[in-house]
Amino acid sequence: MSSFFTAHRITAIIVLIAAAAWVATGEFSAVGSEEVKDTDAPAEVASPAAAPDAAPLRTVAAVVPEVIDYAREIRISGATEADKSVVLAARSNGIVQELGVVQGAEIATDALVLRLEGADVEATVTTAKAALVQAKEQLDVGEALFSRGSLPELELTSRRSAKSAAESALSQAQAAADRLQLRAPFGGTVDSVVVELGEWVQAGAPIATILSLDPIVIRAEVSERDVTYVSVGSQAKVRLVNGAEMEGTIRHVAQQASEKTRTFAVEVALPNADHQIPAGMTAEVRLFAASQPAIVVPRSIITMSNDGQIGLRVVGADNIAQFAPVTLIDDSEQGLIVAGVPKDIRVIVAGQDLVTDNEKVIVSEMTPAQAAEALK
């Protein structure tokens with residue numbers, strides 16, 4: 001029995017030594033993986049079987065884009081305002097003697113709004129006029145005497161000064177009388193009247209508010225990104241909160257942004273001869289940028305370059321794929337509206353993410369309708 005175990009132990013030792021020797025050689029390759037070498041053949045001659053096969057060309061689907069003239073639509077919210085609005089104030093102290101306005105009524109330019117009592121002021125005007133007449137007469141006589149040498153020059157100068165003083169006194173008296181009256185600076189609608197006949201008012205007290213509602217103005221704010229597309233004189237479409245739709249003209253675009261919102265004020269003028277549109281009504285304004293050549297593409301085919309530019313994969317007549325940067329103009333139900341696509345190219349609509357710049361491809365052309373159906 002002991003001799004049996006001794007023989008097995010010797011066999012195991014022999015196998016272990018053989019395995020260690022094999023590991024020491026470093027030959028771990030599997031069978032058939034080692035390159036077969038022909039020591040008799042020249043080193044520069046390669047076997048035809050060793051040449052790699054050429055990579056097959058990729059197939060992509062592409063369409064010829066339909067170029068359209070597109071005017072980008074900008075939607076903003078605003079509110080109606082009066083073309084002109086003024087709160088008229090009393091110009092002097094006094095009791096209201098006459099009111100020439102009624103709340104809600106129309107008023108013409110320079111129409112009387114208010115007259116205050118002022119008998120003493122009117123008397124001052126009468127006195128100043130009489131003093132001026134007298135000063136003129138004395139000056140006329142003095143000039144006649146001075147021409148004959150019967151009046152000293154100093155006396156003539158004094159009479160001229162008296163006439164100038166009388167004219168100044170009359171101007172002051174007339175100005176005080178004018179301040180007793182208040183007239184409309186422009187025609188419009190009397191929105192409110194806050195005084196009554198016989199009421200005592202002080203200078204500066206509000207009397208009435210006048211609004212000019214034709215045209216009516218829509219005031220809105222446009223973002224700093226869109227302000228470059230808006231210009232004075234362009235047309236705009238307005239939809240009022242009551243459902244009425246009208247067309248107007250942009251009459252003002254602010255040149256300085258609001259410090260808080262970084263938006264620019266825009267004014268759109270609408271005709272309002274019958275004054276049916278009041279001030280303060282909410283409105284939606286649609287502005288239109290200048291039209292430019294553009295194409296409509298599915299959102300799914302937009303790709304990005306290595307430096308972060310958005311664009312499309314395109315192929316020319318040589319079937320070489322290229323990246324074309326584009327400018328996003330708008331987002332519509334039909335797809336993205338982009339500009340800047342080169343002419344005489346086809347836009348890749350399938351396989352665009354599998355090809356690289358300057359790669360030759362096989363192009364399968366599709367119509368825009370077929371592409372739209374396939375990308376649904």
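User: How do you know that the span of helix 2 agrees with its 29 residues?

Analyst: The expected span is 1.5 Å times one less than the number of residues. For the 29 residues of helix 2 that should give 42 Å, and the end C-alpha atoms are 43 Å apart, so the two agree. A helix here is a DSSP run of H or I with at least four residues, a strand is a run of E with at least two, and both are numbered from the N terminus. By the way, this is a predicted model: local features need pLDDT of at least 70, side-chain atom pairs count only at pLDDT 80 or more, and totals for chains, interfaces and linings use all residues. Residues are numbered from 1 along each chain as its sequence is written, and side-chain values use heavy atoms, with hydrogens and water left out.

User: Which residues of helix 2 are called buried, and what covers them?

Analyst: Buried means under 20% relative accessible area, exposed means over 50%, and partly exposed is in between (1.4 Å probe, protein chains only). In helix 2, V121, V125, A128, L132, A135, L139 and G142 are buried. Their cover includes helix 3, where contact means heavy atoms within 4.5 Å. Just after helix 2, G149 has a positive phi of about 80°.

User: What makes a set of residues a nonpolar core?

Analyst: They must be buried Ala, Val, Leu, Ile, Met, Phe, Trp, Tyr or Cys residues, joined through side-chain atoms within 4.5 Å. The largest such core has 28 residues, and V101, I107, V113, L114, V201 and I207 have the most contacts inside it. Elements giving it two or more residues include strand 6 (112–116) and helix 3 (153–178). Helix 2 gives the largest share, five residues. A second, separate core has 26 residues, among them A82, A220, M281 and L287.

User: Which residues does I107 touch?

Analyst: Leaving out residues up to four places away in sequence, I107 touches V101, V113, A184, G187, G188, V190 and I210.

User: Why is L328 called partly exposed?

Analyst: Its relative accessibility is 44%. That lies between the 20% and 50% limits, so L328 counts as partly exposed. L328 is in strand 19 (residues 327–331), and together with M304 and I310 it makes a nonpolar surface patch of about 270 Å².

User: How many of the protein's residues count as buried?

Analyst: Of the 376 residues, 33% do. The protein has four helices and 22 strands.

Definitions and conventions. Patch = residues over 30% accessible without salt bridge, like charges linked within 9 Å, V, L, I, M, F, W, Y side chains within 5 Å. Areas by Shrake-Rupley, 256 points an atom, 1.4 Å probe, with all protein chains shown as cover. Salt bridge = Lys/Arg side-chain N within 4 Å of Asp/Glu carboxyl O.
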